[in-house]
Structure formats: C-alpha cells, structure tokens
Amino acid sequence: MNRREFLGAAATAVGGHNKKSGAESRSGLSLALKGRKNSGIKRWDVITIGNLSRNRYWGESEDRGVRSAICSCTVISGDGFHIMVDPSLKDEKAMATELDRRTGLNLDEIDVVFITHQHGDHHFGLKHFPKAKWLAGAEVAAGLNKSERYGKPIVPADDSLFEAVEILSTPGHTMDHRSLRFDCKGLSVIIAGDAVATQDFWVERMGYFNAVDFDLSARTMNKIASIADIVVPGHDNHFLCL
Ligand SMILES: [Zn+2]
C-alpha cells in the first residue's frame, strides 16, 4: 500500500468510526442519563482507586492472592455533610493523606462512614474516623458489632442518608450487601461496593471468586445497569454505565 492509498484507507476508517461513535454518543448522552439535576449532592470524589488481590482478567489464578487488595473509597458531599463509603487504608497517615489529596478534607470532617459489606478490606480504615457516625445495612452492622472488632457501634442505616442518598440492597457478592445511589448534576451514580468488582467483571456480569451467589450477582448488576449512569466498583476506577 502506498502513502496515498494508506491515507485514503485511514480517512475511510476514521469517517466510519466517527459516524458510529457519533450515533453511540448521541444515544448515550441524550437517552441514557437517568439522574436528576437538582439533588442534595454537590459532588463525589473517589479517594482511593481500588485493586483486587487476584484478577482473572489479568490472567491470574483465583486460587491465591498475588497482591494486597485495596477497595475503592469514595466521599459523597452535600449541603453540610460528607459521607465516606468504605474507608480503605489501614494506615492512618496514608488515609489522611489520600483524603486531603483528593478533597482537602481532614479525617474529622467526615460526618458519616458507610460500610457496604463485612469483608475486611472495606473497613480497614474505619478506626481513623472516631468522630463520624458509623453506618451500614442492618445485617452488616449486626455482624460487625458482634465481632467486637471496634470500640464503637456501627449503627443500622435506614433507606437513605441525609434524604439524598438511597441505600440499595445489592445481594450476590454477600447476601446482605448494600450499595449507595444518588443523583448529581443529572447523573445517577452508584457506589456499588463489591456488587461490581471491576469494569471487566461488570462487562461479563461476573461475580468475584468469593461471591456467595453468582447468578444473583449477575441479576444485581443488571438491576444496577437499569438505574445508573456511573458505577464506582469495589476495586477499580469509576466508569460510564453504557
Ligand atoms: Zn467483598
């Protein structure tokens, strides 16, 4: 192929691609957005982008972990409140540094910490927030309190937080798993916890290796797909739910 032929082929390919992506983005932007513009949520920030201890989509065996897991940790901010979801870091200084780096907040400015489920990597950093109210779904709260791991009770949460964030039952990874959903600037955002492990797991509607019910995990992900524009998974960066 000479230069002229190459450039011609490239132009055709680009034109074809643009046409396709234009149609996709039109449907994605004008039809798929599910959130309300006016809500009590001003912004949300991912504090730590999580990773898995083993990732089948990276060619790793699920028999054993090959690295330490870190969960995705998010702060949801509204009028007069900051909610941290799944405090991820064991080390207090590291948790404080990441929170400051991403939001300018200090540990004592977090009003509520919400735990999505009982797996340890989703509350490694809970003890760094003694001034916050600690919340979780009723069964998760009961389980954590029974473990006597913390010197302060985790309080069972109702259906919403600050009348701006919905608490959704998202079973499959664990049966008592909860995710948080809210509207922000016209987008419906779900902090999924491990109901969605990573974007690769989402694409295949695949549960993580330790899921208690894989079929239910897939059904929960389909439910999330029907109500969310953006998903913050338990162990990955956030992504558009297209
Ligand atoms: Zn988990």
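Me: In which element does alanine 142 lie?

Reply: Alanine 142 lies in helix 3, a helix being a DSSP run of H or I with at least four residues, just as a strand is a run of E with at least two, each kind numbered from the N terminus. The model is predicted, so local features need pLDDT of at least 70 and side-chain atom pairs count only at pLDDT 80 or more, while totals for chains, interfaces and linings use all residues. Residues are numbered from 1 along each chain as its sequence is written.

Me: Why is alanine 142 called partly exposed?

Reply: Alanine 142 has 15 other C-beta atoms within 10 Å. A residue is buried if 20 or more other C-beta atoms, placed from the backbone, lie within 10 Å of its own, and exposed if 12 or fewer do. The value of 15 falls in between, and therefore alanine 142 is partly exposed.

Me: Which residues of helix 3 are buried, and what puts them on the same side of the helix?

Reply: In helix 3 (residues 138–147), the buried residues are Val140, Ala141 and Leu144. They cover an arc of only 100° around the axis, so they share one side of helix 3; the arc is that of the directions from the helix axis to the C-beta atoms.

Me: What do the buried residues of helix 3 pack against?

Reply: Their partners are strand 4 (112–115), strand 5 (133–136), strand 6 (155–156) and strand 9 (178–184), where contact requires C-beta atoms, placed from the backbone, within 7 Å.

Me: What makes strand 7 and strand 12 edge strands?

Reply: An open sheet with mixed pairing is formed by 6 strands in the order 7-8-9-10-11-12. Strand 7 (160–161) and strand 12 (239–240) each pair on one side only, and they are its edge strands.

Me: Why is strand 2 called mostly covered?

Reply: Of the 6 residues in strand 2 (residues 73–78), 5 are buried. Strand 2 is joined to strand 1 (residues 41–48) by 6 antiparallel bridges, and isoleucine 76 is the bridge partner of tryptophan 44. Strand 2 also pairs with strand 3 (residues 81–85) in the antiparallel sense, over 5 bridges.

How values were computed. Contact = placed C-beta atoms within 7 Å. Pairing = 2+ DSSP bridges.
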